[in-house]
Amino acid sequence: MKTILNVVWLVLSGFWLFLCYLAAGVLLCITVIGIPFGIAAFRIGIYALWPFGYTTAERRDAGAPSCVGNVLWLLLAGWWLALAHIATGIALCVTIIGIPFGIANFKLIPVSLFPLGREIVRTDQPFAAR
């Protein structure tokens, strides 16, 4: 079932969201200071490409640097990516078939706003990172 959902997601919105994250990652990697943010964009982009079967878990070892990084991320790229998720989610919710995918888009908004200090894990092992 996860495979079918991921394929439909890829066709409807996953590929376009992945391209948004890829563009943000490339732009952030231009400077040396932005490389950690670019890596986070690539990581979340792959998660946005295949979201079903995976979830995010909070890292307990993430401290103040990830908090400061999340504020910088929010200003540099987070709100643009959140707007992409909102627009795609609304467009998908127009059809009855697209409602579950629209809801999945809305669930990706917090990750797009604050990705640092979180890691992507399989849904059958959400506590494996701890």
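Helix α3 (residues 64-92) comes up short: it has 29 residues, but its end C-alpha atoms are only 36 Å apart, against the 42 Å a straight helix would reach at 1.5 Å a residue. That expected span is 1.5 Å times one less than the number of residues. This is a predicted model, where local features need pLDDT of at least 70, side-chain atom pairs count only at pLDDT 80 or more, and totals for chains, interfaces and linings use all residues. Residues are numbered from 1 along each chain as its sequence is written, and side-chain values use heavy atoms, with hydrogens and water left out.

**The kink**
- α3 has a kink of about 60 degrees centred on leucine 74, the bend being the angle between axes fitted to the seven residues ending there and the seven starting there.

**α1 against α3**
- Helix α1 (residues 2-28) packs on α3 at about 170 degrees, with the axes 11 Å apart.
- The two are therefore roughly antiparallel (angles over 145 degrees).

**α1 against α2**
- α1 and helix α2 (residues 35-49) pack at about 175 degrees, axes 8 Å apart, so they too run roughly antiparallel.
- The contact includes Trp9, Phe15 and Phe18 of α1 and Phe37, Phe42 and Ile46 of α2.
- Its classes are 18 nonpolar, 4 polar and no charged residues.

**Aromatic pairs**
- The structure holds 5 aromatic pairs (ring centres within 6.5 Å; planes under 30 degrees apart are stacked, over 60 edge-to-face, the rest tilted).
- Tryptophan 9 and phenylalanine 101 form a tilted one, 6.4 Å centre to centre with 40 degrees between the planes.
- That pair links α1 to helix α4 (residues 99-107), 92 residues apart in the chain.

Terms used: Helix = DSSP H or I, 4+ residues; strand = E, 2+ residues; numbered from the N terminus. Axes fitted to C-alpha atoms, helices over the stretch in contact; angles between N-to-C directions. Parallel < 35°, antiparallel > 145°, perpendicular 65-115°, else oblique. Phe/Tyr/Trp six-rings, centres within 6.5 Å; stacked < 30°, edge-to-face > 60°. Contact = heavy atoms within 4.5 Å. Nonpolar A, V, L, I, M, F, W, Y, C, P; charged D, E, K, R; others polar.
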